[in-house]
Each structure stands twice: as C-alpha cells, then as structure tokens.
Protein chains: 2
Amino acid sequence: MASTTMKRIAEDLGVSVTTVSKVLNNRADIGETTRARVLARVAELGYQPNAVARSLTLRRTRTLGIVIPDLMHSFFVEVIAGLEAVTHTRGYGLLLCNSDEDPHKERAELQLLAQRQVDGVVLASAGASANSDLLHRLTAAGVCLVMIDRDDHPDILCDRVITDDEEVGRLATSHLVAQGRRAVAHIAGPSIVHARRRADGYRRALVDAGLRVRADWIIRGGFRESDGYRAMTRLLSSKKRPDAVFAVNDPAAIGALKAVWDAGLRVPEDVAIAGAGDIAHGDLLRVSLTTVTWARRDLGKRAAELLLDRLDADGANRHRRVVIPPRLVVRASSGVSAGTEALSSG
Amino acid sequence: MASTTMKRIAEDLGVSVTTVSKVLNNRADIGETTRARVLARVAELGYQPNAVARSLTLRRTRTLGIVIPDLMHSFFVEVIAGLEAVTHTRGYGLLLCNSDEDPHKERAELQLLAQRQVDGVVLASAGASANSDLLHRLTAAGVCLVMIDRDDHPDILCDRVITDDEEVGRLATSHLVAQGRRAVAHIAGPSIVHARRRADGYRRALVDAGLRVRADWIIRGGFRESDGYRAMTRLLSSKKRPDAVFAVNDPAAIGALKAVWDAGLRVPEDVAIAGAGDIAHGDLLRVSLTTVTWARRDLGKRAAELLLDRLDADGANRHRRVVIPPRLVVRASSGVSAGTEALSSG
DNA sequence: ATGAAAGCGCTAACAA
DNA sequence: TTGTTAGCGCTTTCAT
C-alpha cells in the first residue's frame with residue numbers, strides 16, 4: 001500500500017535520506033560505492049519518486065494546464081496533440097480542461113489549475129474580458145501563460161501563438177469572390193478578437209473587390225455546428241439570398257452545409273461555402289470543404305516550447321508573438337471546377 | 001510572487017494556522033466570529049489553497065490520469081469529453097496522456113502518472129501484456145484503475161467499461177452479407193483482445209451465413225487510416241478480390257475507402273465497406289460510412305463514475321464490468337438503397 | 001473554541 | 001563524502 005520512499009531506502013542501507021536524494025539527483029558529491037548501492041536498492045524496490053512532495057519543496061510541479069473551448073473540434077485536439085508531444089518528452093504533465101466556450105466554466109478551470117500550482121497555462125480563451133482579472137493574478141503569481149488561437153485579453157502580457165485572422169477571412173472571402181460570387185455572406189463568431197478579425201478580413205475582401213458590405217449578410221452565429229446551421233437557415237430566408245458564405249470556422253461551415261441541404265438546395269451550385277481551420281476529414285465530405293488552414297500541431301508545439309523554454313530559462317525575456325501563416329485550401333464547396341482546383345489546392 | 005498561504009492569513013488575524021484550516025474545511029468547532037473574520041480575509045486576499053501541500057498531507061491528489069492510444073481518433077476524444085465533464089464537476093483534475101499505440105510510450109505515461117500520485121487511472125491499453133507488471137504495481141499501490149474500450153490485461157482486477165466487440169464484428173459483417181455480398185474480407189487490428197473479438201464476430205457472421213472463412217481475406221491492418229489504406233490495397237490486388245470489407249474501426253475503414261478510390265473503383269458498387277466506432281462526421285463523408293456505434297460519451301462518464309465512486313467510498317467492493325451495447329448504423333458505404341437505409345439506420 | 005506539535009516525502013544549506 | 005537541520009503548506013491528533 002504505502003509506496004516506497006527515500007526514507008525506506010535510506011534505512012535499508014544505513015545512509016541518510018539526503019544521500020539518497022543526492023544520488024537520485026545526480027549530485028557529484030557522492031562516493032561511487034554509495035551511489036551504486038543506492039541505485040541498486042532503488043531498482044530492486046522499483047522506487048518511484050513522489051512528485052507531489054518534490055513539487056512542494058521545489059515549488060515547481062512540472063505540470064502544465066491547457067484550457068480549450070471545444071474538445072469536439074479536431075482543431076483543438078490537434079493543437080493538444082502537438083502540445084502533449086513536447087510536454088511529455090520534456091517530463092511535464094498536462095492537465096486538460098474544457099471550457100465549453102463558457103467563461104464561467106473557464107474561470108473554474110483556471111482556478112483548479114491555479115490551486116494545483118501548475119507551472120504554466122496554455123489558454124484558448126472563451127470569454128472576451130471576463131477572466132482577465134484571474135489571468136492577471138495567475139501571471140503575477142508566477143504562472144507562465146501562453147494564449148493560443150484567440151488573441152483576447154490585450155492587457156495581459158504573455159506569449160501568444162496565433163494566426164493572422166484577418167488574412168484568414170480575406171483569403172476565404174476573396175476566393176469566393178474570385179469564383180464569381182457577388183452575394184457573399186458571413187456567418188460570424190461571437191464578439192471576441194479573432195472572430196472579429198475574420199469578419200474584418202471578410203469586409204476588406206469585399207471592399208477590395210468593389211462590393212458593398214451588407215449588414216444583413218453578416219450574421220452572428222458561433223463556433224459550433226449548430227450555430228452555423230441556425231445562421232445559414234436565417235440567411236436562406238433573407239429577402240436577397242446570398243450565393244456564397246464564409247463561415248467563421250469549419251464546424252460552423254458544416255452546419256451551414258447541412259442547412260443548405262435541408263433547404264433542398266445544393267452546395268456549391270446554389271450556395272458556395274468556405275470555412276476556416278481545416279477540420280479533420282474536411283477533404284472527404286460529401287462536398288469537400290474549402291477552408292483556410294494553418295499548422296495546428298505546430299501551433300501546439302510552439303506554444304509548449306515557448307512555455308517550457310521560459311520556465312527552464314526562468315527567464316523574463318520579452319514576450320513573443322508567434323503568428324502562424326494561413327493558407328487557402330480550395331475544395332469543392334466553394335464551387336471550383338476540377339481543373340482549377342488542382343492548381344490552387346494543397 | 002509568493003502566493004498567499006494559510007500562515008499569512010493566520011498572522012494577519014492573530015490566530016493559528018490550525019484555526020484557518022478548520023474554517024476552510026468547515027469544521028464545527030470554530031466560533032462564528034472567528035469564522036467570519038477568517039472568511040473575510042480569505043475573500044479579500046483571494047486566497048487559493050495549495051493543492052500540492054494538501055495532497056501531500058492527505059495522500060490524495062484529486063487527480064486522475066487518462067491514457068489513450070490515439071488522440072486523433074474522435075472516438076477517444078468523445079470518451080475524454082465524457083470523463084472530463086464528470087471529473088471536473090466533482091473537483092478532480094485530469095492528466096492527459098497519449099500512448100500513440102506504443103506500449104513503450106504507454107509505460108512512460110503510466111510511470112509519470114504514478115509519480116504524480118494520481119488517485120486513479122483510466123486506460124485504453126495499447127499493448128497486450130507488456131505493461132501488466134506496472135499495472136499490478138499501480139493497483140497494489142492503491143491507485144484505482146479502470147480499463148476502457150480494450151479488454152486486455154486479464155489478470156488485472158479492475159473496473160472495466162467496454163463494448164461487446166464480438167457483436168460489433170458480427171453486426172457489421174452480417175449486415176454486409178445481408179446486402180448480398182459473398183466475398184467479405186476483414187481488415188483486422190493488432191493482436192489485442194478487442195480487435196481479436198471483432199475478428200471473431202466477423203468469422204461467426206460468415207459461418208452463420210454458411211460462408212467460408214478465407215484466411216487470405218483476413219488482413220492484419222491496424223487502427224489507423226494508413227493501416228486501413230495499406231490493407232485495402234493488398235486486398236484489392238489479391239487474386240480473388242473481395243466485394244465487401246469489415247474494417248476493425250472507422251479510421252481503418254476510411255483508409256480502405258481511399259484505397260478503393262485510388263484504385264479507380266467505387267464504394268459501395270465495387271467494394272462495400274463497414275467500420276466500427278462511429279467516427280465524427282462519418283455521416284457526411286463523400287460516401288457516408290456504415291458503422292457500428294455505441295455510447296462514447298457515456299462510456300467516459302461511466303468510467304469516471306466507477307472510479308470516483310470507488311475513491312469516494314474508499315470501497316473495495318466487487319469489480320464491475322460495464323458493457324455498452326453496440327448498434328448498427330447503416331449508411332451508404334455498405335451499399336444499401338435509400339429506401340432500405342431509412343428503415344435500419346439510427 | 002483555539003492552538004501547539006508532529007508529520008506527509010522531498011530538497012537544500014550548512015556542518016562535520 | 002556524508003549527515004543534520006530546517007522547511008515547503010497543509011491537516012490532524014491532542015492539549016488547553
């Protein structure tokens with residue numbers, strides 16, 4: 001029951017706990033024979049150090065927290081996969097938290113992480129400013145923070161790994177325009193920075209193309225499939241029906257796709273659709289989904305590296321802002337002929 | 001930097017640390033005024049208890065570990081989502097580990113969890129018996145274990161939440177046979193229990209239908225898309241080409257789908273395909289995927305509940321074996337006409 | 001109703 | 001080269 005401790009090993013061997021500790025931490029000031037004896041007994045008993053006790057002494061848990069808003073979106077899972085690969089090879093644990101796009105839940109999760117004394121937090125924030133106070137307190141308490149994907153909480157100083165969201169919106173929208181669509185609508189996200197930037201990109205693309213931006217073609221939707229479905233349904237019933245839609249992300253785009261089908265219309269013939277985020281298997285859908293992609297696994301890796309390097313260096317060097325460039329992926333949903341597609345995709 | 005501690009609060013108020021502790025733990029033997037004073041200061045300073053110190057004293061971390069073999073398979077992510085919902089509402093943290101189907105990595109992850117003194121581990125095991133020793137030591141050390149999805153390590157006593165894998169294989173295969181296919185192949189997984197059971201179900205369905213089981217139509221593939229692709233490619237080049245395939249899971253089935261397409265053939269006309277696990281968006285694929293489904297979120301929830309109930313009860317009651325029943329989901333890839341589909345699909 | 005003391009398992013000065 | 005002592009922040013007897 002009671003697992004073996006350093007004390008047990010020390011007693012067995014008639015040495016002090018300190019000696020055992022030093023051996024296990026590879027300190028130089030230990031005799032070869034003692035070291036060997038300790039190591040032997042350690043192996044024999046299958047001793048595993050108690051990380052909790054270690055953490056208490058060192059005031060370092062070697063544990064990171066990750067808070068993401070949607071576990072069912074493959075985008076975030078890929079980010080997590082990237083993170084996990086780095087953290088685990090460097091001996092860090094990863095506490096997983098899901099805010100479900102709910103600032104209240106996010107707050108609870110952040111608190112849980114704070115109590116557990118994580119060394120760092122990776123956050124894709126759900127709420128605009130609701131939890132800024134907590135984040136301030138966290139960083140003030142010495143917790144390293146890196147924000148990913150969502151560029152909110154501008155007053156918080158921390159590393160950030162994001163993409164160029166305005167460019168995301170611009171790429172998708174101008175592509176739709178280039179396909180000859182003139183009535184391009186936008187299913188927007190909630191009022192948080194990266195969603196607004198995608199809307200900005202949408203607007204800019206229209207303006208650049210000399211098209212008018214119509215307020216009633218920008219519909220506040222959300223990041224989930226159900227949000228996209230609802231928004232598209234509304235768009236289809238508007239007096240002037242759009243012939244193309246840029247959805248704030250791929251789940252919303254898929255919701256839109258379904259809404260179009262349920263209305264008895266076709267994608268892309270009646271409505272062309274583009275999303276963002278390059279959801280898993282988007283290339284295999286009944287109508288493959290045109291989207292904007294950026295390196296998701298790398299995003300996770302970069303976030304982990306920024307965090308761990310800062311922790312290892314104990315360094316308070318300048319906060320970094322890593323921008324992962326987006327790239328258009330043209331597929332069927334935006335209404336390109338097979339020939340054209342081959343040119344621009346992949 | 002140094003976050004506020006109970007000591008700090010005690011000094012501020014001129015009481016003892018014990019008193020503060022008692023207030024925070026809602027002990028009855030504290031005067032109302034003292035209690036109020038302490039609580040006020042706690043709120044004022046935004047005191048957060050140090051869970052690491054607490055864990056060391058109580059020898060309980062209120063943290064669970066989850067080890068899964070494939071983070072990019074939506075099946076496991078849904079299981080995790082179910083787990084997370086339960087653990088977090090009950091105040092537990094969740095340490096996420098990804099074994100990548102690699103027993104060595106799994107071993108390292110389990111060790112990390114052991115060192116971190118998790119109260120319990122949820123495991124979807126990658127290796128057949130490689131890590132049984134470690135699991136024995138873990139449970140002997142008082143760590144609660146619940147195995148999910150994969151029913152390996154038969155000598156380990158623990159709760160299990162699985163599905164009826166033989167029935168999974170039987171449902172999928174007999175459905176393919178019912179569609180009139182006579183040359184039904186199987187893309188199998190590695191030699192671990194639940195994969196073997198699916199193969200058993202495949203064989204039984206054939207035998208029940210009076211069909212011969214051909215060894216060269218059972219191909220050792222694997223759980224990943226690439227495994228399915230390779231296996232299908234081999235099947236397509238065998239001297240007698242099968243007209244249907246049951247793949248051990250949906251990622252493998254999708255790999256098979258791609259292989260068929262890349263060979264210039266059609267699904268389901270030339271080869272019908274069925275998978276298992278009901279991958280996200282399988283209903284929206286170019287050819288929607290016939291599969292076998294079972295409650296994944298519930299699986300995660302049940303696992304968490306079994307674990308936490310056992311922990312809370314500190315109970316050594318009989319180990320439970322929860323079997324989540326599988327159900328066939330008929331879609332286009334198995335070659336049903338639209339009319340029939342409506343009847344049998346969920 | 002309150003507090004002193006011991007201890008959870010470990011590391012880190014500082015002596016010896 | 002080794003050991004003694006103190007302490008990380010908390011809970012828990014057991015006195016008072």
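Analyst: Helices (H or I, at least four residues) and strands (E, at least two) are DSSP runs numbered from the N terminus. The model is predicted, so local features require pLDDT of at least 70 and side-chain atom pairs pLDDT 80 or more, whereas totals for chains, interfaces and linings use all residues. Residues are numbered from 1 along each chain as written, chains are lettered from A and ligands numbered from 1 in the order written, and side-chain values use heavy atoms without hydrogens or water.

User: Which element gives the largest share of the surface near DNA strand D?

Analyst: A residue is near the strand if one of its heavy atoms lies within 4 Å of it. Helix H2 (17-24) and helix H4 (51-58) of chain A, and likewise helix H2 (17-24) and helix H4 (51-58) of chain B, each give two or more residues to this surface. The largest share, 4 residues, comes from H4(B).

User: How many charged residues does the surface near DNA strand D have?

Analyst: Among the 26 residues around DNA strand D, those that come nearest are A:Thr19, A:Gly31, A:Thr34, B:Met6 and B:Tyr47. Asp, Glu, Lys and Arg count as charged, Ala, Val, Leu, Ile, Met, Phe, Trp, Tyr, Cys and Pro as nonpolar, and the others, Gly among them, as polar. By these classes the surface has 9 nonpolar residues, 13 polar and, as charged residues, 4.

User: What is the distance from a phosphate oxygen of DNA strand D to an N or O atom in the side chain of A:Thr19?

Analyst: Polar contacts are pairs of N or O atoms within 3.5 Å. For the side chain of A:Thr19, the distance to a phosphate oxygen is 2.6 Å.

User: What is the average twist from one strand to the next in the open sheet of chain B?

Analyst: The sheet has 4 strands in the order S7-S6-S8-S9, with parallel pairing, and two strands pair if DSSP finds at least two bridges between them. Strand S7 (218-220) and strand S9 (272-274) are the edges, each pairing on one side only. Strand S6 (residues 184-188) is joined to strand S8 (residues 244-247) by 4 bridges, and B:Ile187 stands opposite B:Ala247. From one strand to the next, the twist averages 20°.

User: At what angle do helices H8 and H9 of chain B pack?

Analyst: Axes are lines fitted to C-alpha atoms, for helices over the stretch in contact (heavy atoms within 4.5 Å), and angles run from 0 to 180 degrees between N-to-C directions. Helix H9 (residues 193-208) of chain B also lies across S6, S7 and S8, at about 170° to S6(B). The axes of helix H8 (residues 165-178) and H9(B) are 6 Å apart, and the packing angle is about 40°.

User: In which loop is B:Pro268 found?

Analyst: A cis peptide bond joins B:Val267 and B:Pro268, with omega about 5°. A cis peptide bond also joins A:Val267 and A:Pro268, where omega is about 5°. Helix H11 (residues 250-262) of chain B lies across S6, S8 and S9, running at about 165° to S9(B). B:Pro268 is found in the chain B loop between H11 and S9.

How values were computed. Polar contact = N/O pair within 3.5 Å; in protein donor to acceptor, adjacent residues only side chain to side chain.
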